[in-house]
Amino acid sequence: MAVRGARMLFGASVAGAYALVLAPVLAVVVISVFSQEIVSFPPEGFTLRWYANAWDKREFARGFVTSMQVALVATAIGVPLGTAAAYALTRARLPGKAALNTLLLGPLAVPGVVAGTALYLFYVRAEFWVDDDIKGTTLGLVAAHVLLTIPWTVRLVSAALAGLDRSAEEAAANLGARPLTVFRRVTLPMLRPGVVAAGLFSFIQSFENLELTLLLVGPGRITLPVAMLNYLEFRVDPTLAAVATVQIVLVGALMLITDRFVSLARVV
Amino acid sequence: MGTLQLAGLSRRYGANTVVDGVSLDVAEGELVALLGPSGCGKTTTLRMVAGFVEPSAGTVRIAGRDVTRAPPHGRDTGMVFQSYALFPHMTVAGNVAFGLEMRGIGRAEREARVLEALRLVRLDGLGERLPRQLSGGQQQRVALARALVVNPAVFLLDEPLSNLDAKLRAEVRVEIRNLQQRLGLTTLFVTHDQEEALTMADRLVVMERGRVRQVGTAEELYERPADLFVANFIGRVNALAGEVAGPGEFRVADGTALPCPRDAAPGMRATLCLRPEKLRFQPWASAGVPAVLARTVYLGGQTEYHFTLAGAPVMALRETPPAGDRLRGLQPGDRVTLDWLGEDARLLPEVAR
Amino acid sequence: MAALILPAGLLVLLLLVAPMAMLFRISLNEYSPTQLMLEALQPGNYLRALADPYYQAVMGTTMSVALSCTAICLVIGFPAAWWLARMDSKRKSLAVILTVFPLLVGNVVRSAGWMALLGRDGAINAALRGLGVVSEPLQLLYTEGAVIVGIVAVVAPYMILTLSAVIEGIPRNLEEAAANLGAGPLVAFRRVVLPLAVPGVVAGSVLVFILCMNAYATPVLLGGPQFKMMAPAVYDQFVRGTNWPFGAALAFLLLVVTLALTVLGSAVVGRRYRR
Ligand SMILES: Nc1ncnc2c1ncn2[C@@H]1O[C@H](COP(=O)(O)OP(=O)(O)OP(=O)(O)O)[C@@H](O)[C@H]1O
Ligand SMILES: [Mg+2]
């Protein structure tokens with residue numbers, strides 16, 4: 001009986017955890033079809049008109065595009081650099097390895113608001129030097145977001161490298177492969193789940209980031225989370241819910257497609 | 001301590017039946033070896049006994065009690081895992097004490113029994129080490145002590161020797177057998193090494209593709225295999241397809257007559273099986289079964305002689321003849337005469353390939 | 001091979017270390033309402049922040065919320081992580097997507113979801129009134145509880161994923177060995193899985209704690225105007241005010257407190273479970 005009790009407790013806590021994580025997402029989808037302007041339960045009726053309304057609010061579409069651009073570029077830069085660094089960190093004999101590791105993981109340990117503030121002041125100063133805009137430009141945003149992608153990549157790829165069986169690489173070398181060939185033909189394919197995970201998390205970190213980004217956006221260069229926060233202003237509104245629902249569907253589809261190509265089960 | 005009874009035990013994964021109606025009684029204090037080629041369902045059977053895999057059909061009884069649906073921790077089996085599964089964060093003594101703790105045994109008795117168990121496996125003084133500070137053989141013995149110390153009703157071993165080198169394996173084999181007999185443990189032992197099974201087990205169970213092919217003592221399986229699979233699996237065998245022509249006479253396809261048991265029914269199509277050590281031979285003489293020497297394999301004390309008999313390969317195993325013996329002069333291509341006692345051959349009803 | 005570290009290392013130096021150094025330097029400057037900043041080397045901004053009861057309270061709230069959220073995440077995240085780690089691979093993809101996908105939705109959207117659930121006319125109050133449990137709507141939104149629930153929901157996936165990666169590395173047959181020796185599921189968990197999962201507990205807690213100390217959208221949206229945590233307070237200094245040196249000092253204090261608690265916490269857990 002104790003077993004039955006433990007099992008039920010276990011099932012309930014798993015369900016509870018996932019309910020907590022998914023409830024707000026579900027709530028947003030539900031209220032996006034409520035007919036009244038001020039969200040209240042129970043709904044007075046249902047409508048799809050907020051989706052049309054959302055379409056008219058161009059700042060969201062633009063925000064989505066900006067977020068996508070920034071996240072993709074930051075991921076494309078951060079993942080290769082982070083992977084190379086993680087490889088050297090785990091394999092090379094280097095003095096001060098621990099310090100280098102701390103440096104590369106550093107952005108994870110610094111709260112985003114602090115890093116964002118520091119970057120803001122840094123950009124202000126740098127704009128003075130180069131006599132050009134950095135704040136509120138795509139370049140400025142991408143640079144900041146690369147800072148998010150590097151530590152996640154180093155963390156995930158290092159973990160993958162640590163779990164790698166060296167004997168496969170040794171076998172390749174034994175069969176006559178040069179170091180670079182070993183890396184390309186054996187190491188990298190074996191690391192693929194780790195690198196894909198790094199790409200996924202880098203993208204997530206950048207795409208949903210608010211704290212680091214808040215001070216760095218500018219007119220016309222606003223990311224989707226910041227645009228939503230600005231719009232939200234203490235009131236939930238079905239238009240925002242409609243935008244969010246579209247985002248949820250897009251993101252969900254993206255993940256299902258990704259899963260077709262690389263099984264996400266092996267990634268995380 | 002108790003008996004173990006499996007009745008119609010089966011396990012399916014989807015459409016795949018990996019254990020198919022296994023029935024087996026293990027008597028108190030008996031060591032039974034589960035033997036069979038890789039993937040035949042040995043581990044799955046053992047794990048159903050331990051309660052890690054739920055049977056699709058059939059029952060498991062331990063000491064007369066039906067435990068088919070009991071959770072693993074309520075079964076009182078002691079299992080030695082192939083990879084040992086030692087708790088890496090506990091000392092050797094901590095590992096061995098774990099099962100006693102779970103049975104609510106007080107500290108003083110626990111410590112005494114742990115010491116005793118470690119002495120039994122000859123690891124005295126290593127109690128405070130961590131598993132990773134031990135050699136493979138030592139880890140193996142910790143796993144053994146951990147399972148033994150609780151005095152389980154049934155002792156389960158899944159290829160516990162496969163990670164050891166040949167010499168150590170032979171040693172530990174004897175150790176396990178001694179311990180098992182001294183403590184009178186009812187034991188189910190999985191292996192795919194026939195030598196291991198032959199030397200250790202009271203009885204052997206030969207499995208193939210989820211089914212039991214034959215159960216018996218080493219002697220029974222070797223001398224009287226039920227089918228060609230068992231004959232091939234336990235030891236080596238010469239198999240010749242043909243037909244019983246008359247009392248004590250077996251004919252292969254090209255008409256060559258071979259000795260076979262006298263009680264075989266004439267007209268029966270069968271495979272004649274003959275163990276290599278029963279096959280005698282001499283340089284060509286007029287009487288007997290004609291064959292040609294293909295090659296010899298020198299093994300030190302013994303030598304294998306491979307012949308071609310009516311197009312089929314057969315092999316004889318005998319002590320290496322002393323220097324100067326006329327058999328020493330045989331060359332590949334030489335004609336020889338083969339001979340064996342009809343009663344040493346065994347006729348199996350199926351026809352070999 | 002060392003050259004492979006160079007690009008990433010230089011980027012981090014340029015985009016994190018240099019700005020942080022600059023932030024620190026500015027935090028030692030003096031504020032002037034007319035000239036914004038006067039070059040100086042004085043600890044005045046720190047002393048003011050530390051002495052100000054308002055910021056003491058904000059820092060206190062931030063720490064207590066972050067610690068509660070981390071603890072709750074650990075408790076609810078562990079079973080979920082185990083479930084995820086021990087799942088067969090066919091269904092696992094879906095479960096992983098279910099875990100990761102809320103992260104991509106972002107915490108502004110999820111805060112909006114909580115507002116719809118917790119508000120006076122929200123789903124929970126409507127349900128409670130419909131069932132006749134309460135007659136007047138409960139004040140759920142704009143409370144510390146709402147903020148904690150909101151933050152937990154945002155960061156829990158990180159905890160689940162970190163823990164589950166570590167649990168996956170614990171051979172399953174250790175749990176079987178424990179069961180075989182007579183341990184029930186709870187005992188096997190406490191004696192075998194938990195001690196071996198300590199590295200994951202530390203890594204997950206550190207990650208989640210830092211995210212909680214840093215929370216911006218959730219306290220702003222679910223805590224209401226009266227509720228203040230450090231991240232919004234720092235941000236306000238730069239957007240609403242112009243006192244950069246003081247804002248920089250606040251930011252630095254947030255960093256120092258976060259790192260100090262992180263190091264302290266890891267050391268305590270590490271010592272308890274030292275092998
Ligand atoms: N969880 C599972 N799902 C599907 N098939 C399984 C599962 N476990 C085992 N099998 C299949 O069952 C068959 C028997 O497996 P089992 O591990 O019992 O073999 P075995 O006799 O112990 O082999 P070996 O000597 O190689 O250890 C194998 O074909 C295996 O692929
Ligand atoms: Mg097996």
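Contact here means heavy atoms within 4.5 Å, and on that basis the contact between chain C and chain A takes 88 residues from chain C and 87 residues from chain A. The model is predicted, and this briefing covers that chain pair together with the boundary between domain 1 and domain 2 of chain B.

**Chain C against chain A**

- Between them, chain C and chain A bury about 7,800 Å², with carbon and sulfur atoms accounting for 84% of that area.
- I5(C), L15(C) and L104(C) supply 9% of the area that chain C buries against chain A, which is more than any other three residues.

**Domains of chain B**

- The domain assignment divides chain B into domain 1 (4-230) and domain 2 (236-349), whose C-alpha centres lie 40 Å apart.
- In chain B, 8 residues of domain 1 are in contact with 7 residues of domain 2, and the area buried between the two domains is about 660 Å², 52% of it from carbon and sulfur atoms.
- On the domain 1 side, Y222(B), P225(B) and L228(B) lose the most area to domain 2 of chain B, together giving 69% of what that side buries.
- Across this domain interface of chain B the rule finds 0 salt bridges and 3 residue pairs in polar contact, both at pLDDT 80 or more.
- Helix 7 (residues 218-223) of chain B gives the most to the domain 1 side, with 3 residues, and that side comprises 5 nonpolar, no polar and 3 charged residues.

Terms used. Residues numbered from 1 in each chain as written. Chains lettered and ligands numbered in written order. Predicted model: local features only at pLDDT ≥ 70, side-chain atom pairs only at ≥ 80, totals over all residues. Heavy atoms only, no water. Domains from an automatic or database assignment. Buried area = accessible area lost by both parts, 1.4 Å probe. Salt bridge = Lys/Arg side-chain N within 4 Å of Asp/Glu carboxyl O. Polar contact = N/O pair within 3.5 Å; in protein donor to acceptor, adjacent residues only side chain to side chain. Helix = DSSP H or I, 4+ residues; strand = E, 2+ residues; numbered from the N terminus. Nonpolar A, V, L, I, M, F, W, Y, C, P; charged D, E, K, R; others polar.
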